Every structure is written in C-alpha cells, then in structure tokens.
Amino acid sequence: FLQNYTYTHIDEKTGYPFIFLKMPQEKNGQCPFLQESGCSIYTDRPAACRYYPIGQASLKKMDEALDKPVTEEFYFIVKEDHCLGFNEDKEWTVAQWRADQEADLHDDMNRGWKEILFCRNLPQSAMDEKKQKAFYMACYDMDRFRNFVFDSRFLDLFDIDSARLQKIKTDDVELMKFGVDYAKYILMIEQTLKMKG
C-alpha cells in the first residue's frame with residue numbers, strides 16, 4: 001500500500017516524515033479509491049473522509065486550574081458545491097454525525113499522533129535520518145514495525161508488559177498505539193517505554 005499509493009514528504013521545520021496519498025493525474029487528481037459506484041474502501045476510509053463536510057481542529061492551551069497544557073477539539077463546516085449532502089433535508093449535530101461515521105476510534109488514535117505534532121520544542125537533533133526511518137516504520141509501516149518488535153533485539157532491551165505484548169502481536173490498533181508510544185520515546189517527548197535493567 002505504502003509503495004503503490006503514497007509518497008513521503010520530509011517536513012523542513014520538524015524533520016517529520018509525512019505520508020500523503022498519491023492523487024493520480026489520470027484520475028484528474030482525485031482519490032485513487034473513488035470509483036463510479038462510490039468509495040471502494042468505504043468501511044476502511046480515513047478520519048478526514050468520515051468527517052467531511054465537517055472539519056476538525058485541535059488547539060493546545062494552558063489550563064490555569066490544572067496548571068498544565070490541555071488540548072481542545074472543535075469543529076467547523078466545510079461547504080463546497082460538489083458536496084450533495086447539503087441538498088438533503090436531514091439536519092445533523094456534530095455528535096450525531098460523529099456517531100454515524102464511527103469516528104471515535106479514529107479520533108482516539110489520532111490524539112496520540114497530535115501529541116507528537118504539537119511538540120514544537122524538540123531539540124534540533126531530535127529527527128536525524130535514523131530517527132526518521134524509525135518514526136516512519138513505527139507510525140506508518142505496521143508490518144515492518146511488528147517484525148521489528150518481535151524479531152529483533154527490541155524485547156531484549158525494553159521491558160514490555162506481557163499482556164500488552166500479546167495484544168500488539170495480533171491487534172493492529174494496539175500495535176499502532178504502541179507505535180505512537182515508540183515514536184514519543186525516540187523523539188524524547190515522553191518516557192513511554194522502560195528499558196530493562
């Protein structure tokens with residue numbers, strides 16, 4: 001999937017490798033999964049597609065009462081002529097739309113990712129080429145990341161709870177959450193993993 005449908009862009013400011021979906025010229029720059037009959041990956045569509053025409057944004061601010069930063073999520077409407085949903089009679093609240101689109105799991109997964117993106121004060125050396133490759137693997141290439149965890153010296157170095165290990169062996173969602181924890185660890189954002197000894 002990564003090789004056939006995506007390309008990588010290295011952000012100049014942070015050094016983060018970002019993955020973008022290729023929008024083929026022969027399809028006029030449209031999503032490669034959009035067919036005449038509609039979305040060919042509908043049940044597995046990403047959060048951006050689930051939310052549309054609602055946009056979601058996050059704002060990190062200081063909570064004076066808690067004396068720590070908190071993230072506030074808010075929503076807005078993206079009104080474009082090609083969205084035929086605006087011609088429908090039914091009105092939706094954001095909560096109803098989110099429930100209908102099964103957005104909870106996607107939002108939960110994206111929160112860990114946003115915590116990484118909100119870190120603006122990383123040391124300049126935080127994302128060298130070696131860490132870029134590790135970050136890419138942990139955040140995007142789940143098959144390779146699972147092999148890395150179980151087939152390398154990783155488990156000789158890190159003390160991972162056996163129940164969590166069992167989950168990440170078979171559950172892709174748990175593996176993705178673990179990948180975010182690993183990314184936070186290698187970027188020194190948070191001590192999410194514990195070394196043995």
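Guide: A residue counts as buried when its relative accessible area is under 20%. Tyr-140 has a relative accessible area of 18%, so Tyr-140 is buried. Phe-135 is buried as well, with a relative accessible area of 0%. The model is a predicted one.

These two residues form an aromatic pair. The ring centres of Phe-135 and Tyr-140 lie 6.4 Å apart and the planes stand at 75°, so the pair is classed as edge-to-face. The count of aromatic pairs under this rule comes to 22.

Phe-135 belongs to the buried residues of helix α5, which also include Lys-131, Gln-132, Ala-134, Tyr-136, Met-137, Ala-138 and Cys-139. Eight of the 11 residues of α5 are buried, so the rest of the structure largely encloses this helix. The packing partners of those buried residues are α1 (2-5), β1 (6-10), β2 (17-21), α4 (104-117), α6 and α9.

Of these partners, α6 can be described in detail. Helix α5 spans residues 129-139 and helix α6 spans residues 142-151; their axes come within 6 Å and cross at roughly 105°. Because angles of 65 to 115 degrees count as roughly perpendicular, α5 is roughly perpendicular to α6. On the α5 side, the contact is made by Lys-133, Tyr-136, Met-137, Ala-138 and Cys-139, and on the α6 side by Met-142, Arg-144, Phe-145 and Phe-148. By class, the residues of this contact are seven nonpolar, two charged and no polar.

Phe-145, one of the α6 residues in that contact, also takes part in a ring pair with Tyr-182. Here the centres are 5.7 Å apart with 35° between the planes, and the pair is tilted. Phe-145 lies in helix α6 and Tyr-182 in helix α9 (residues 172-186), so the pair links distant parts of the chain, 37 residues apart. Both Phe-145 and Tyr-182 are buried. Ring pairs join these two to Phe-148, Phe-154, Phe-158, Phe-178 and Tyr-185 in a cluster.

The charged end of Arg-45 sits over the ring of Tyr-42, at 3.7 Å from the ring centre. The charged end of Lys-90 sits over the ring of Trp-92, with 4.1 Å to the ring centre.

Notes: Residues numbered from 1 in each chain as written. Predicted model: local features only at pLDDT ≥ 70, side-chain atom pairs only at ≥ 80, totals over all residues. Heavy atoms only, no water. Axes fitted to C-alpha atoms, helices over the stretch in contact; angles between N-to-C directions. Helix = DSSP H or I, 4+ residues; strand = E, 2+ residues; numbered from the N terminus. Parallel < 35°, antiparallel > 145°, perpendicular 65-115°, else oblique. Contact = heavy atoms within 4.5 Å. Nonpolar A, V, L, I, M, F, W, Y, C, P; charged D, E, K, R; others polar. Phe/Tyr/Trp six-rings, centres within 6.5 Å; stacked < 30°, edge-to-face > 60°. Buried < 20%, exposed > 50% of the residue type's maximum accessible area, 1.4 Å probe, protein only. Lys NZ or Arg CZ within 6 Å of the ring centre and 35° of its normal.
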